[in-house]
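Subject: A structure for you to look at

Hi there,

Here is the structure I promised to pass on. Have a look at it first, and then read my notes on its salt bridges below.

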Amino acid sequence: MKHLLKSFMGAFIVLLCSSFTQIYGQEVIGTWKGKLSVQGTEMPLIFHIEGNEGDLSSKMDSPTQGATGISMDVTVFENNQLTLKFKQAGIKYVASLENNKLTGTFYQGGMELPLEMEKSEKTIPGNPALVSSDTELEKIASLDQGDYKYSVEDYFARPKARSFQFSPNGKYLSYREKDENSKNHVYVKEIATDKVTRVIEEKEELIRGYGWANNERLVYVMDKGGNEDYHLFAANIDGTDQKELTPYDGVQVNILEGLKEDENHMIISMNKNNKQIFEPYKINIITGEIKQLFKNEDAANPISGYNFDKDGNLRGYGKIRDGVNIDFYYAKEEGKYEVIKKMNWKDTFSILNYDYSTENPHDAYVVSNLDSDKSQIYLYDLKADKVIKKLFSNDKYDVSNLSLSRKRGYELDYFSYQGEKRVIIPVSDYYKKLHERISKEFPDHQYSIAGKTDEEDKYLIFFQSDKLYGVYYSYDAKKDEFKLLYNLMPQLKENDMAEMRPITFKSRDGLTIHGYITLPKEVKKGEKVPLIVNPHGGPQGIRDSWGFNPESQLFASRGYATLQVNFRISGGYGREFLETGFKQIGRKAMDDVEDGLQYVIDQGWVDKDKVAIYGGSHGGYAVLRGLTKTPDLYACGVDYVGVSNLFTFMKTIPPYWKPYLKIIKEIWYDEDVAEEKAIMEEVSPVYQIDKIKKPLFVVQGANDPRVNIDESDQIVKALREKGFDVPYMVKYDEGHGFAKEENSVAMYKAMMGFYAKHIGKKKTTKPVKG
């Protein structure tokens, strides 16, 4: 078994190559799936066989090993017998074809294993006939012409190195570094010797995140093409013992607790037993052995979140009741869970951390809005179910973040929250001194502690501003010494970047609305500039914040301002403001965006005749809604993975969203209520096609599990049938938003050409139709 696994991993890191045979074999062309049985363990295998004018080639996937696209050296089909070989790994498969089934033997490492494979259709999501060709999109991109100091790549190429992390003991520094093929591998540097080892190699699938599990082992997460079915992997710091810890097809993994006190284990959740609900497991990060910790069996009233302490004990959980209520269960005695809070889903009561500095094991830091509009932080006795004392609050903003020091007996170091900018409130004497030292050294930048050693002798500090993408410094606490570690985007000079300015205005019905305007330097010269309105995604509970935004900076480099409005239903401004936006998506939430636009027009900053609207997810929906609700307000729009039809959107949500469908309907709309069904038709852009009269560019990831590709196909097809020229970019290796560098760069290049055509200085007046 070990030899077989090791050989597969060896095959995974070999450069892919193909050879073809001059044999006709249309019968075997397609995707074949089967399972090997090795010492009682099932290992799925997939072969993709392709043909072109009689030539055959094939690739192998081994999902258990995270290996995809391994090209076979030999692909031959003759006399009804298929032979596949990958010589370097000693792999061979010989099978006979009968009744659309391959029956044969898989050979490797001296083993001969029976393997049956059945044909499976490999489908392409959506309607490929609607998608614009690369040539068409490149032609649009070419319209972005000018003597610009910075290219699209300068803003959206991934940093050469990023994601720096200290090992817990501080002996190693890990980071991701990009190679010449834009693959971002994970490296570990031994600080004492400067020895660097490539530990994790990124191949076809992206490494979505990684981190230290203990001083000797890293964990990382990957999905397939953006489908968000995340799997957990692990590797030693020398690159050995690479292992997929959760080799389960169609299962999503979430990391719940890292377990500093049990370095060989983690607590994860998976929807392994039921795709709609998640259950907690303790997983051994070395062997992959898992143990289910609790059952989540009531699919109608599932557990929606688990709370573990630092030792991996399940202390409490939240359980949905009737689709819209949450009961919080807590173990006042070990293993005996009882309801201590009965809440509506709109209520907030959650444990941030336990107060391990006290003798009472039931003391905890809790964030709650049960007795206030804004979320506040309390010290709470969970067994007695009562507040010990209120620790921190703010009159204008929700507060929900704090930091404890494990090294100093879990002393409370600071609170933080998002206001107009990020605010840190030091609490401990230790952190007051550290905060003062950092702020004095770097007075014009926001900072965050990106990491620290267990002994708190070394810190990784990340600095950013509206004009600085990000710089890492290391801080040696014993020497009181800062050292520049890495500038993520050295090519972008701060003095060349645009200002992001907080703004506040009143909505038409009297609400105070906050947001941000990024102004290009032409504004200082008295010019009125084109504007891109950029509603955020979500929409509930999400907000835009101050800091470096590569989109806004790219737009500013071309002379466009960017408006970001935290419209009603945005998070961070209290419960009342959030709930004011429920049942108002596409209506009053859009009014707020329009009122923000009018505000910046009134300031004399922008040209009202050159306003575009662009956004992703809910922001993409807002683009389509804006072009139908106020068709004369915008000159053009760019819809990025946006909803076009609220009815089909509700029917195509991922299975693990279904327990929350009643809540989603309370936020959006419920088609079973006649009045709301009429509203859904009114605010679904696909039903309001006749109102669109301005140019539209649509962008979609084919594997998007949240906003199905059909949402984009619908709007493109409907507009095309009316004679509109709608550029449509689809990437078949992406999901809900583009993660691959080459795809992001291609999208922004086409977007900038689209803007140049419709709101640029040489605006084209050619009609959209015709």
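Let's start with lysine 332, which is partly exposed at 23% relative accessibility; that label covers the range between buried (under 20% relative accessible area) and exposed (over 50%), using a 1.4 Å probe and protein chains only. Its partner in a salt bridge is glutamate 338, with the closest N and O atoms 3.7 Å apart. Glutamate 338 is partly exposed too, at 36%. By salt bridge I mean a side-chain nitrogen of Lys or Arg within 4 Å of a carboxyl oxygen of Asp or Glu.

Before you go further, please keep in mind that this is a predicted model, where local features need pLDDT of at least 70 and side-chain atom pairs count only at pLDDT 80 or more, while totals for chains, interfaces and linings use all residues. Residues are numbered from 1 along each chain as its sequence is written, and side-chain values use heavy atoms, leaving out hydrogens and water.

- Glutamate 333 and lysine 336 form a salt bridge of 3.7 Å, N to O. Glutamate 333 is partly exposed at 48%, whereas lysine 336 is exposed at 53%.
- Lysine 310 pairs with aspartate 311, with 3.6 Å between the closest N and O atoms. Lysine 310 is partly exposed at 26%, and aspartate 311 is partly exposed at 41%.

How many salt bridges does the structure hold? The count is 54. Some link up into a network, made of Arg408, Glu411, Asp413, Lys452 and Glu456.

Enjoy exploring!

Best wishes
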